[in-house]
Amino acid sequence: MAVDLSPGPEVADLAERTAKFVRDVVIPVEEEHKGVVHSDDVRRQLQQAAKDAGVFAPHVSAEYGGHGLDMRGRAAVFEEAGYSLLGPLALNIAAPDEGNMHMLEAIASDEQKERYLRPLATGEIRSCFAMTEPAPGAGSDPGALATLAERVEDGWRITGRKWFITGAEGAGFTICMARTSGEPGHTGGATMFLVDADNPGMKVVRHIDTLDESLFGGHIELDFDGCVVPEDAVLGEVDEGFRYAQVRLGPARMTHCMRWLGIARRAQDIAVARAAERELFGSRLGDLGMVQQMIADNEIDIAASRGLILQACWELDRGGHASQETAIAKTFCAEAIWRVVDRAVQICGSLGISGDVLLGRFLREVRPFRIYDGPSETHRWAIARRVLRRQSKAVR
Ligand SMILES: Cc1cc2nc3c(=O)[nH]c(=O)nc-3n(C[C@H](O)[C@H](O)[C@H](O)COP(=O)(O)OP(=O)(O)OC[C@H]3O[C@@H](n4cnc5c(N)ncnc54)[C@H](O)[C@@H]3O)c2cc1C
């Protein structure tokens, strides 16, 4: 039976236009800045150029100025945007804004959508998502959530510490996950709160110095000290935060895979171009068997990653949770993308680790993907538990 995984004509056209926009407009800016831009002026210029090219905000619905792509459509377009480190920023599909838009569209009230989603979708403001805490708080295990939200007159008071909050500095608002029932160590109830940037109870403690540098705004430690928010700052229902996190995390895992797959392809293209031109030991580099093996393994990792992403997206588009599919795809892609970029560096030799090509930068950027959106070990643990549960049910 033939299986056609190609996107429909409209998505294919948008993906093609995105590829051209990235090649002609974004890559020159990326190369000028060595892949790292934290200037809001440059962000706005890139986003205006994406609007002019008709490729901006492909993921949000037409009501909010986007193209309303489903997950499979996003797979095609996000991979093209991800071909440059700055492509996702230009299209307004970078983390964490893209995942936040997805979640706000799914669960925010109409008023919250007007106040937060609309300016986020146009790129007028940025946002962040604050879940992770320094030990012993929430990390791989969300049940350890220690940040507390207590009821006060007309609202809630949030107290706690968050870290690794991407893009928090300069964000217009934070979606903060806080415990509203139960104790740390038990799942209990968590709630998501929309906290405006000018809330005096939320402060930037520091920029964390990290291996990666390209995600806009860097990674921030935030302090919530008597941070009082009104009742209408609750996103969705009280105590439903862990459930909503799944609304965000499943698709957000896949969109991270799509974007980084673009970088893997770019790394492979750089390596293949080098292998085709470099002469060694009386032959082209690309004619040497061990280099051919690395090139072939890269193709296999790229193709397998794309297949797993599409499989998980198909399940998400059908309305499924796709917990197993997204966990499998995320684990495989995070490791495969790292392997591809690492092999590309190896094929290029010393050039690969020089600043003359961006491979070294790509390597630093993709390494943390094996940790965020669930470390590989957490996913493997969850995948195996689901399989064993299935087995126990089958023998009953
Ligand atoms: C670049 C970057 C950006 C991030 N951005 C954000 C953000 O915007 N917002 C946010 O809230 N958080 C963010 N995070 C945090 C990220 O979600 C956490 O790092 C992740 O959930 C892991 O938590 P932890 O770092 O506390 O590691 P820990 O929970 O301390 O885990 C440490 C290690 O334990 C191992 N492990 C985990 N589970 C298991 C298991 N079941 N069995 C065996 N071993 C296991 C893994 O090897 C893991 O790496 C970001 C992190 C990074 C690196």
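**Entry 1: the middle domain**

I started with residues 128–208, where the chain is 0% helix and 54% strand, with the end C-alpha atoms 15 Å apart. Helices here are DSSP runs of H or I with at least four residues, strands are runs of E with at least two, and both are numbered from the N terminus. I then looked up the record: UniProt lists residues 128–208 as "domain: Acyl-CoA oxidase/dehydrogenase middle", in an unreviewed entry. UniProt positions are given in the numbering used here, feature names are shortened, and annotations may be inferred rather than shown by experiment.

A note to myself before going on: this is a predicted model, local features need pLDDT of at least 70, side-chain atom pairs count only at pLDDT 80 or more, and totals for chains, interfaces and linings use all residues. Residues are numbered from 1 along each chain as its sequence is written.

**Entry 2: the other two annotated spans**

UniProt gives residues 11–124 as "domain: Acyl-CoA dehydrogenase/oxidase N-terminal", from an unreviewed entry. I found this span to be 66% helix and 0% strand, and its end C-alpha atoms are 26 Å apart.

For residues 239–388 the UniProt annotation, again from an unreviewed entry, reads "domain: Acyl-CoA dehydrogenase/oxidase C-terminal". Here I noted 78% helix and 3% strand, with 29 Å between the end C-alpha atoms.

**Entry 3: the whole protein**

I counted up the elements: the protein has 12 helices and 10 strands. Its C-alpha atoms fill a box of roughly 80 × 60 × 40 Å along the principal axes.

How does the radius of gyration sit against that of a compact globule? For 396 residues the globule value would be near 21 Å, and the protein has 21 Å, so the two agree. The radius is taken over C-alpha atoms, and the globule rule is 2.2 Å times the number of residues to the power 0.38.

I also checked burial, and 47% of the 396 residues count as buried. The cut-offs are 20 or more other C-beta atoms within 10 Å for buried, 12 or fewer for exposed, and partly exposed in between, with C-beta atoms placed from the backbone.

Then came contacts, meaning C-beta atoms, placed from the backbone, that lie within 7 Å. Among contacts between residues at least 6 apart in sequence, 74% join residues at least 24 apart.

Which residues make the contact? On α5 I listed Asp97, Asn100, Met101, Leu104 and Glu105, and on α6 Gln112, Lys113, Tyr116, Leu117, Leu120 and Ala121.

Most residues other than glycine have a negative phi, and most peptide bonds are trans. I went looking for exceptions.

Ala95 and Pro96 are joined by a cis peptide bond, with omega about 0°. Pro96 is in the loop between α4 (87–91) and α5. Another cis bond runs from Ala135 to Pro136, with omega near 10°, and Pro136 sits in the loop between β1 (127–130) and β2 (148–152).

For phi, I noted Ala57, near 50°, in the loop between α2 (40–52) and α3. Is Ala57 buried or exposed? It counts as buried, because it has 26 C-beta neighbours inside 10 Å. Phe281 also has a positive phi, about 45°, and lies in the loop between β9 (279–280) and β10 (283–284). Phe281 is exposed, with 8 other C-beta atoms within 10 Å.

**Entry 4: two residues up close**

Leu145 is in the loop between β1 and β2 and is buried, with 29 C-beta neighbours inside 10 Å. Beyond its neighbours within four places in sequence, I found Leu145 in contact with Gly137, Ala138, Met177, Arg179, Pro184 and Ala190.

Arg72 lies in helix α3 (residues 71–81) and is partly exposed, with 19 other C-beta atoms within 10 Å. Leaving out residues up to four places away in sequence, Arg72 touches Pro7, Leu310, Cys313, Trp314 and Asp317. I also noted 32 Å between the C-alpha atoms of Arg72 and Ser39, which are 33 residues apart along the chain.

Definitions and conventions. Two residues are in contact if their C-beta atoms, placed from the backbone, lie within 7 Å.
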